[in-house]
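Please look over the model below before reading on. My notes follow as numbered points.

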Amino acid sequence: MAVLGASLSVVLVCIPCAVSVASPCATSDDHGSALARGQMDWKAGAVGDIERLIAVEELPASVGAALMRLGKGVKILQVEENIDGGVATYEIDLRLADTYVEVELDDQGNVLAREIEAWVVPLSWVAEPARRAIEGEAAGAAILEIRMEIEEDLGEVVYEADIRNTARTYALRIDARGTLIERDITMDMLPPGAYRALVRAAQGGSIVELDEELHGGQLSYEANIVIGGVEFELSVDADGNVVELNTPW
């Protein structure tokens with residue numbers, strides 16, 4: 001990726017639909033309490049390594065200076081601090097012009113890795129089956145942005161579209177054949193069993209991202225949950241049974 005001018009306008013893009021789940025909102029059970037306890041124990045240093053989301057203002061000055069060198073108008077989407085063996089690195093998701101990039105830097109601002117994650121493309125560039133699926137999903141609503149990426153797991157092109165209708169703005173992911181892979185949803189769209197399980201798991205924290213996913217013809221519901229600044233992913237089925245749990249501990 002080319003290095004542009006020296007000035008930087010840093011924009012932190014927040015997630016407006018984050019759902020805060022405090023203890024009065026849900027009753028605890030063994031599953032939710034165990035997740036919360038594990039999260040907090042890990043953050044306290046039981047393992048010694050840390051992965052947590054931080055604000056741009058918390059970055060070391062040297063890392064901020066390195067970001068300034070990337071170019072004017074860089075939009076920072078997410079910052080994750082990783083401490084492994086006492087050594088801190090920073091994974092930063094950002095947008096530079098029409099490209100979404102993930103950059104990893106050390107605490108001195110040296111670039112350790114850089115990866116292009118997606119390109120913004122016009123609707124006319126989208127493969128016809130996927131374009132029809134996106135237009136059908138939108139049903140006349142505004143299509144705000146389309147991103148094209150290479151899905152490593154699938155080994156093929158995938159499109160992610162942001163759609164704004166009268167109720168909300170959300171994203172969906174569709175493969176080149178027009179098959180739905182994933183759709184952003186809100187808490188009120190969850191089946192009752194999935195809703196209860198995710199609320200319990202997020203007790204004392206917040207759900208910052210919620211997706212409906214299709215795998216092998218089966219729907220699951222994946223939440224990115226943050227408790228105490230630490231993020232983990234939990235997928236459940238419609239009845240609330242755990243399908244997958246990805247944690248940093």
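**Notes on the predicted model**

1. I116, W119 and I150 make a nonpolar patch on the surface, and their accessible area together is about 270 Å². Patch members have over 30% relative accessible area and no salt bridge; nonpolar side chains (Val, Leu, Ile, Met, Phe, Trp, Tyr) are joined within 5 Å, like charges within 9 Å. Areas come from the Shrake-Rupley method with a 1.4 Å probe, and for residues only the protein chains shown count as cover. I116 sits in strand β7, residues 111–120. Its relative accessible area is 40%, so I116 is partly exposed. Here buried means under 20% relative accessible area, exposed means over 50%, and partly exposed lies in between (1.4 Å probe, protein chains only).

2. A word on the source. This is a predicted model, in which local features need pLDDT of at least 70 and side-chain atom pairs count only at pLDDT 80 or more, while totals for chains, interfaces and linings use all residues. Residues are numbered from 1 along each chain as its sequence is written, and side-chain values use heavy atoms, with hydrogens and water left out.

3. Now the overall picture. The protein has four helices and 15 strands. Both are DSSP runs numbered from the N terminus: helices are H or I with at least four residues, strands are E with at least two. Of the 249 residues, 40% are buried. The accessible surface is about 12,800 Å², and carbon and sulfur atoms hold 51% of that. Take contacts between residues at least 6 apart in sequence: 48% of them join residues at least 24 apart. Contact means heavy atoms within 4.5 Å.

4. Which residues gather in a patch of negative charge on the surface? They are E115, E117, E152 and D153. Asp and Glu count as negative, Lys and Arg as positive; His and the chain ends are not counted. The place of a charge is NZ of Lys, CZ of Arg, CG of Asp or CD of Glu. E152 lies in the loop between β8 (142–151) and β9 (156–164). E152 counts as exposed because its relative accessibility is 65%.

5. Side chains of opposite charge can pair when their charged atoms come close. A salt bridge here is a side-chain nitrogen of Lys or Arg within 4 Å of a carboxyl oxygen of Asp or Glu. By this rule there are 15 salt bridges.

6. R173 deserves a look. R173 bridges to E149, with the closest N and O atoms 2.9 Å apart. R173 is in strand β10 (residues 169–175) and E149 in strand β8, so this pair ties together parts 24 residues apart in sequence. R173 also forms a salt bridge with E151, at 2.7 Å between the closest N and O atoms. E151 is in strand β8 too, so that pair links parts 22 residues apart in sequence. R173 is buried at 10% relative accessibility. E149 is buried at 16%, and E151 at 15%.

7. R177 and D175 form a salt bridge, with 3.0 Å between the closest N and O atoms. D175 is buried, at 4%. Elsewhere, salt bridges that share partners join R95, D98, E145, R147, E149, E151, E160, D162 and R173 into one network.

8. D93 lies in strand β5, residues 87–96. D93 is buried yet has no salt bridge. The nearest side chain of opposite charge is R147, 11 Å away. Leaving out residues up to four places away in sequence, D93 touches K75, I76, L77, Q78, V101, E102 and E117.

9. E209 is in strand β12, residues 205–215. E209 is partly exposed, with a relative accessible area of 34%. Residues up to four places away in sequence aside, E209 touches E222, A223 and N224.

10. Last, the backbone. Most residues other than glycine have a negative phi. A97 has a positive phi, near 60°. A97 sits in the loop between β5 and β6 (99–106), and is exposed at 60% relative accessible area. A139 also has a positive phi, about 50°. A139 is in the loop between α3 (128–138) and β8, and is exposed at 66%.
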